[in-house]
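These are my notebook entries on a two-chain model. I set down what I looked up, entry by entry.

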Amino acid sequence: MRLLTHNMLSSNIKGVTNGYPLRLEAEKWSVKEVDLNRDFLTNIFPRIEWKPLVESARSLGLSSLPDDADPSMLNSDDFLKGFHHALLEIHVEEGALICPETGRRFPINKGIPNMLLHEDEV
Amino acid sequence: MEHNIELESVSISMPSIRAGESEKRIMSKLPSKITSRGAQIHLVSRHPEVYEPCDDSFALVDALLADRTNLLEHKPMLCLEIGCGCGYIITSLATMLGDETNTIQYFATDINPHAAEATCKTSEAHGVHVEVVLTDITSSLGKRLSRMVDVVVVNPPYVPTPEEEVGCEGITASWAGGENGRSVIDRILPVVDELLSEKGWLYMVTLTANKPSQICRLMGERGYASRIVVQRSTEEESLHVIKFWREVDEAMKGQSRTATQTASDSWFLQFSRSTFWRRNN
């Protein structure tokens with residue numbers, strides 16, 4: 001699971017009003033380099049919730065992202081590299097995503113977040 | 001139309017069909033004279049609880065191939081498969097769009113853990129990356145991915161079955177479609193409407209029993225035009241792969257449209273496959 005995906009996931013348990021962002025607890029992750037694409041990063045940037053990205057990246061020991069970001073920063077190569085790396089190059093293999101409201105843990109196994117709900121949660 | 005990938009028959013050996021194991025496989029089994037053309041995607045992961053590529057999967061991939069030039073011009077940013085099974089379709093899509101520059105990100109969902117794992121393995125084995133999430137349709141992604149997805153592909157559970165078989169554990173969920181095979185399709189359509197970007201496209205497999213013309217009318221009420229990209233028929237059944245797009249999409253104006261008000265099931269049945277091949281190949 002990339003941090004891009006983490007950025008897009010919410011807890012959808014019945015009755016939960018504030019299911020975002022899920023807190024990331026990663027036990028095992030890997031880094032796989034991929035080519036940086038400026039257009040993709042520019043296009044996706046407005047759709048990224050910045051704080052959850054920074055927090056999840058920092059929970060993995062990544063400190064290169066600034067606390068806040070605005071579109072003008074996309075002109076900076078350093079910023080783009082950090083954004084690209086956090087968003088697309090880190091793969092969380094094992095761990096959990098925790099619902100901010102209920103504390104329910106959604107496991108991540110073999111890189112796949114399991115967001116399936118139990119019958120009483122639907 | 002040029003293809004960088006081979007259009008040879010898919011080298012996947014079909015599993016033997018055990019009685020009662022997979023009604024969907026039986027229903028979508030076609031006469032051998034209709035050959036499957038698809039990207040050369042090899043089955044690298046097999047599990048008794050995961051739906052393996054069958055004629056419906058091949059029809060959907062053929063539809064994507066037939067529309068590949070449009071897809072390339074479409075320049076999608078996010079592509080999504082709902083109910084990815086073994087990952088054959090999303091891997092084929094990623095392969096045929098040949099994205100080596102990371103302009104496109106691929107997502108896939110399933111409710112079957114074995115299927116999710118198989119999709120990871122299939123995509124990895126073909127050098128593409130798909131982000132797989134275990135979730136019901138897109139329930140955990142829908143809020144954030146709203147209006148962001150440019151291409152959605154779905155080979156839904158479309159076989160008419162008793163309602164209680166819908167969404168069962170394991171492989172049953174891959175085909176059991178409830179009344180008229182529409183239970184899951186009817187849940188997927190409003191979700192896709194919410195997910196699709198302004199320029200977004202949906203490609204979906206349907207069976208005649210699903211009343212595809214009614215599906216087109218329902219989507220028409222939501223502002224979508226539609227056309228059949230591929231039709232495959234057997235003596236008993238007929239598969240359609242239908243493409244949907246928002247009417248406002250100017251870029252599509254040159255393309256022929258399904259007149260959603262006048263489409264009828266008989267019209268679907270009469271749609272000539274040869275017409276399709278002439279127009280698109």
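Across which strands of chain B does helix H5 lie? I found that helix H5 (residues 113-125) of chain B lies across strand E2 (105-110) and E3 of chain B, running at about 175° to E3(B). Helices (H or I, at least four residues) and strands (E, at least two) are DSSP runs, numbered from the N terminus. Axes are lines fitted to C-alpha atoms, for helices over the stretch in contact, and angles run from 0 to 180 degrees between N-to-C directions.

**Entry: conventions and confidence**

I noted that this is a predicted model, in which local features need pLDDT of at least 70 and side-chain atom pairs count only at pLDDT 80 or more, while totals for chains, interfaces and linings use all residues. Residues are numbered from 1 along each chain as its sequence is written, and chains are lettered from A and ligands numbered from 1 in the order in which they are written.

I read an ipTM of 0.97 and a pTM of 0.84 for the model. For chain B the mean pLDDT (the predictor's confidence in each residue, from 0 to 100) is 79, and 74% of the residues of chain B reach 70 or more. Residues 1-38 of chain B have pLDDT below 50, with 57 contacts in the model beyond near neighbours in sequence. Two residues are in contact if their C-beta atoms, placed from the backbone, lie within 7 Å. Residues 256-281 of chain B also stay under 50, and there the model has 34 contacts beyond four places in sequence. Where pLDDT is low, the predicted coordinates should not be read in detail.

**Entry: the sheet of chain B**

I traced an open sheet of 7 strands in chain B, in the order E3-E2-E1-E4-E5-E7-E6 and with mixed pairing. Two strands pair if DSSP finds at least two bridges between them. Strand E3 (130-134) and strand E6 (224-233) of chain B stand at the edges with a single partner strand each, so one side of each has no neighbour in the sheet. The twist averages 15° from one strand to the next. Strands E1 (residues 78-82) and E4 (residues 149-154) of chain B run parallel and are joined by 4 bridges; Leu80(B) has Val152(B) as its bridge partner in E4(B).

**Entry: the sheet of chain A**

I found an open, antiparallel sheet of 4 strands in chain A, ordered E1-E2-E3-E4. At its edges stand strand E1 (23-31) and strand E4 (112-113) of chain A, each with a single partner strand. E1(A) is joined by 8 bridges to strand E2 (residues 90-98) of chain A, where Glu94(A) is the bridge partner of Lys28(A).

**Entry: the contact between the chains**

I recorded 22 residues from chain B and 24 residues from chain A in the contact. On the side of chain B, the elements giving two or more residues are H5, E3 and helix H6 (142-145). E3(B) supplies the largest share, 4 residues.

**Entry: backbone details**

I checked the peptide bond between Tyr20(A) and Pro21(A), which is cis, with omega about -5°. Pro21(A) is in the loop between helix H1 (3-8) and E1 of chain A. Asn180(B), in the loop between E4 and helix H7 (183-195) of chain B, has a positive phi near 55°.
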